[in-house]
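Here is a short briefing on one chain.

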Amino acid sequence: MSDYLQQFTGALREVVREIGFEDTSISVEDIDPSSVELVASVGITGDLHGFMMLRADMQSAHNFVSKMLINMGIEPEEEEGFGQFHKEAIGEIVNQVSGRSTMMLADQNIDCNITPPTIISGQSIYSDIASCESSISHILTGNFGKIGLFVGIKNSSL
């Protein structure tokens, strides 16, 4: 199962590099749950069942979206707080990472699909992962702050 989970880490690495985040690192650890104020999540269906989440504090998520826009040559608008545009941008990132992951899994003959992204914001968001057979937690660190990657899956047909 860990080979399958590593596809998500590889996809995260590829996507952030493609959108101009060259100076980042990924460490094998979990983000401090008390700092989580934003969760962008997709469901995973097919040969594997589970979910993938990007988790961050609001400042790191805001900085990430602003830096992403600058990398794309777009001047970020100074929107009050973490607005709808920011949420949609984070939703698109989780969509790209999970979509890339399913393509990488398909190369290993694992057939999976993803659900549309869901964005949740609030203070100290907690996720129950009891139904997962296997999981990974990583932290993407850069000059924007920290974003946690969590993937939890269970084998449905392998």
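Strands β3 (residues 48-56) and β7 (residues 145-155) pair in the antiparallel sense, over nine bridges. Two strands pair if DSSP finds at least two bridges between them. The model is predicted: local features need pLDDT of at least 70, side-chain atom pairs count only at pLDDT 80 or more, and totals for chains, interfaces and linings use all residues. Residues are numbered from 1 along each chain as its sequence is written, and side-chain values use heavy atoms, with hydrogens and water left out.

**Strand pairing**

- A hairpin of two residues joins β6 to β7.
- β1 pairs with β6 in the antiparallel sense over three bridges. Here Ser-25 has Thr-141 of β6 as its bridge partner.
- β6 is mostly covered, with seven of its nine residues buried. Buried means under 20% relative accessible area, exposed over 50%, and partly exposed in between (1.4 Å probe, protein chains only).
- In a regular strand, side chains alternate between the two faces of the sheet.

**Overall layout**

- The chain holds three helices and seven strands. These are DSSP runs numbered from the N terminus: helices are H or I of at least four residues, strands E of at least two.
- From the N terminus, the order of elements is α-β-β-β-α-α-β-β-β-β.
- Of the 158 residues of the chain, 46% count as buried.
- Among contacts in the chain with a separation of 6 or more, 72% come from residues 24 or more positions apart. Contact means heavy atoms within 4.5 Å.

**Confidence**

- The chain averages a pLDDT of 88, and 90% of the residues score at least 70. pLDDT is the predictor's confidence in each residue, from 0 to 100.
- Confidence is lowest in helix α2 (residues 58-71), at a mean of 90, and highest in strand β4 (residues 112-114), at 96.

**Glu-37**

- Glu-37 sits in the loop between β1 (25-27) and β2 (38-46).
- Glu-37 is buried but has no salt bridge, and the nearest side chain of opposite charge, Lys-87, is 12 Å away. Lys and Arg count as positive, Asp and Glu as negative; His and the chain ends are not counted. A salt bridge needs a side-chain nitrogen of Lys or Arg within 4 Å of a carboxyl oxygen of Asp or Glu.
- The Glu-37 side chain makes a polar contact with the side chain of Gln-123, at 3.4 Å. A polar contact is a pair of N or O atoms within 3.5 Å; within protein, one must be able to donate a hydrogen and the other to accept it, and residues adjacent in sequence count only if both atoms are side-chain atoms.
- Not counting residues up to four places away in sequence, Glu-37 touches residues including Ala-56, Met-58 and Ile-120.

**Arg-100**

- Arg-100 lies in helix α3.
- Arg-100 counts as buried because its relative accessibility is 17%.
- The side chain of Arg-100 makes a polar contact with that of Glu-14, at 2.7 Å.
- Leaving out residues up to four places away in sequence, Arg-100 touches Ala-11, Glu-14, Val-15 and Glu-18.

**Asn-109**

- Asn-109 is in the loop between α3 (84-106) and β4.
- Its phi is near 65°, a positive value in a residue other than glycine.
- Asn-109 counts as exposed because its relative accessibility is 69%.
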